[in-house]
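These are my notebook entries on one protein model. I set down what I looked up, entry by entry.

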Amino acid sequence: MNDLRSKLIKNSTSKYTDILLESKLFNEKDVISTRIPIINVGLSGYATGGLIAGVTMFAGPSKNYKTGFALLMAKAFQEEHPDGMILFYDSEFGAPKPYFEAFKIDMSKVVHTPITDIEELKHDLMSQLQNIDRGEKVLVIIDSIGNLASRKEVEDAIEGKVVADMTRAKAFKSLFRMITPHLALKNIPLIAINHTYKEIGMFPKDVVGGGTGAYYGADNIWIIGRQQEKKGDDVIGFNFVINVEKSRYVREKSRFIVTVLYSGGINRWSGLFDFALEHGYIAAGKKGWYHVVDRSTGEVIEPGSRRSDLETNDALWTALLA
């Protein structure tokens with residue numbers, strides 16, 4: 001068997017061929033952990049996990065914090081790989097300089113490439129991927145693919161033609177067909193921001209734009225909604241609802257909530273309170289008070305706190321996660 005194994009590896013024309021148990025491609029994957037545990041869970045299934053090589057897609061209507069999630073992960077990438085580079089493909093110019101500054105991203109390590117159509121993105125991105133070696137730390141962000149026209153659509157508009165564009169979905173499928181193996185082979189995560197539209201029917205649901213190519217090519221797809229967070233009658237921020245449409249790591253149709261306030265930004269411990277309540281680490285008391293309890297004994301450890309205070313208690317969540 002050992003002779004046959006060696007023969008098969010030797011005869012392979014791929015430099016990556018190896019025994020599955022020893023394969024670096026199969027067993028060694030970077031994990032970029034963000035500072036938000038619930039986002040790490042949504043990406044990988046683990047609070048200490050995070051962004052993994054392949055395509056992660058954030059889809060949803062405008063102003064649903066899609067770019068914010070991408071920049072959060074860009075900051076985590078820079079913290080994990082200080083010498084790494086970010087390829088930022090920009091079709092909307094919806095992420096101005098203050099956005100990057102708010103997330104404390106080192107903009108000297110971000111390569112900004114404006115794009116106007118799918119074919120231009122495909123050509124430039126494939127040129128980059130062909131020339132990146134495994135071991136070079138790169139994160140790709142596309143903001144956004146949902147608003148990209150096809151080249152035919154542009155040419156028809158210039159020529160004054162009013163015809164349906166049947167090439168756009170094929171161009172998307174071609175793009176993802178080309179880039180997916182390179183991302184896996186070279187251990188590169190790619191974040192694609194996309195739009196959604198409503199399906200026609202009596203009970204319409206959100207559908208990810210770009211056709212089946214975008215759907216099949218992605219490892220993770222989040223459809224992001226939002227709810228107002230109020231204090232009395234005042235809107236003080238939003239709860240962004242992450243609906244896991246597709247995942248290779250998390251049960252699909254899972255829902256995670258991330259709270260972002262106008263004052264204070266992202267709540268680091270978003271979404272954990274309900275888990276702690278469900279699993280007995282926190283018990284509900286009277287008139288909106290909650291108690292931290294020892295789950296094994298039921299003994300109250302920390303009595304009488306409001307939910308809002310517990311949700312931002314760093315010491316509590318650090319201890320519970322440990």
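**Entry 1: Glycine 285**

I began with glycine 285, which touches Tyr290 and His291 when residues up to four places away in sequence are not counted; contact here means heavy atoms within 4.5 Å. I looked up its place and found it in the loop between strand 14 (282–284) and strand 15 (289–293). Helices (H or I, at least four residues) and strands (E, at least two) are DSSP runs, numbered from the N terminus. Glycine 285 is partly exposed, because its relative accessible area is 33%; buried means under 20%, exposed over 50%, and partly exposed in between (1.4 Å probe, protein chains only). I also took the C-alpha separation of glycine 285 and isoleucine 179, which is 53 Å for 106 residues along the chain.

**Entry 2: Basis of the values**

I note that this is a predicted model, in which local features need pLDDT of at least 70 and side-chain atom pairs count only at pLDDT 80 or more, while totals for chains, interfaces and linings use all residues. Residues are numbered from 1 along each chain as its sequence is written, and side-chain values use heavy atoms, with hydrogens and water left out.

**Entry 3: The whole protein**

I recorded 12 helices and 16 strands in the protein. The C-alpha trace spans about 65 × 65 × 45 Å along its principal axes. Of the 322 residues, 43% count as buried. Among contacts between residues at least 6 apart in sequence, 59% join residues at least 24 apart. The accessible surface comes to about 18000 Å², and 54% of this belongs to carbon and sulfur atoms; the areas come from the Shrake-Rupley method with a 1.4 Å probe, and for residues only the protein chains shown count as cover.

I traced an open sheet of nine strands in the order 5-4-6-7-3-10-11-12-13, with mixed pairing; two strands pair if DSSP finds at least two bridges between them. Strand 5 (110–114) and strand 13 (265–266) stand at the edges with a single partner strand each, so one side of each has no neighbour in the sheet.

I then went through individual pairs. Strand 6 (residues 138–143) and strand 7 (residues 189–194) run parallel and are joined by four bridges; valine 140 has leucine 190 in strand 7 as its bridge partner. Strand 3 and strand 10 are also parallel, over four bridges, and the partner of threonine 56 in strand 10 is asparagine 220. Strand 10 and strand 11 pair in the antiparallel sense over 12 bridges. These two strands form a hairpin with two residues between them, and glycine 232 in the turn has a positive phi of about 70°.

**Entry 4: Helices on the sheet**

I looked up helix 6 (residues 118–130), which lies across strand 4, strand 5, strand 6 and strand 7 and runs at about 170° to strand 4. Axes are lines fitted to C-alpha atoms, for helices over the stretch in contact, and angles run from 0 to 180 degrees between N-to-C directions.

Helix 4 has 15 residues and reaches 21 Å from its first C-alpha to its last, close to the 21 Å expected at 1.5 Å a residue; the expected span is 1.5 Å times one less than the number of residues. Helix 4 is mostly covered, with 12 of its 15 residues buried. Among the buried ones I listed Lys66, Phe69, Met73 and Gln78.

**Entry 5: The cores and tryptophan 222**

Which residues have the most contacts inside the largest nonpolar core? They are Ile39 and Trp222, in a core of 48 residues. A nonpolar core is a set of buried Ala, Val, Leu, Ile, Met, Phe, Trp, Tyr and Cys residues joined through side-chain atoms within 4.5 Å. Helix 4 (residues 66–80) gives the largest share of this core, eight residues. Apart from this core lies another, of 31 residues, among them Tyr89, Ala171, Phe172 and Ala218.

Leaving aside neighbours within four places in sequence, tryptophan 222 is in contact with residues including Ile39, Met57, Met73 and Val244. In strand 11, valine 244 stands opposite tryptophan 222.

**Entry 6: Two further residues**

I found serine 23 in the loop between helix 1 (2–11) and helix 2 (24–27). Serine 23 is buried, because its relative accessible area is 9%. Beyond its neighbours within four places in sequence, serine 23 is in contact with Asp18 and Glu28.

Lysine 170 lies in helix 8 (residues 168–185) and counts as exposed at 64% relative accessibility.
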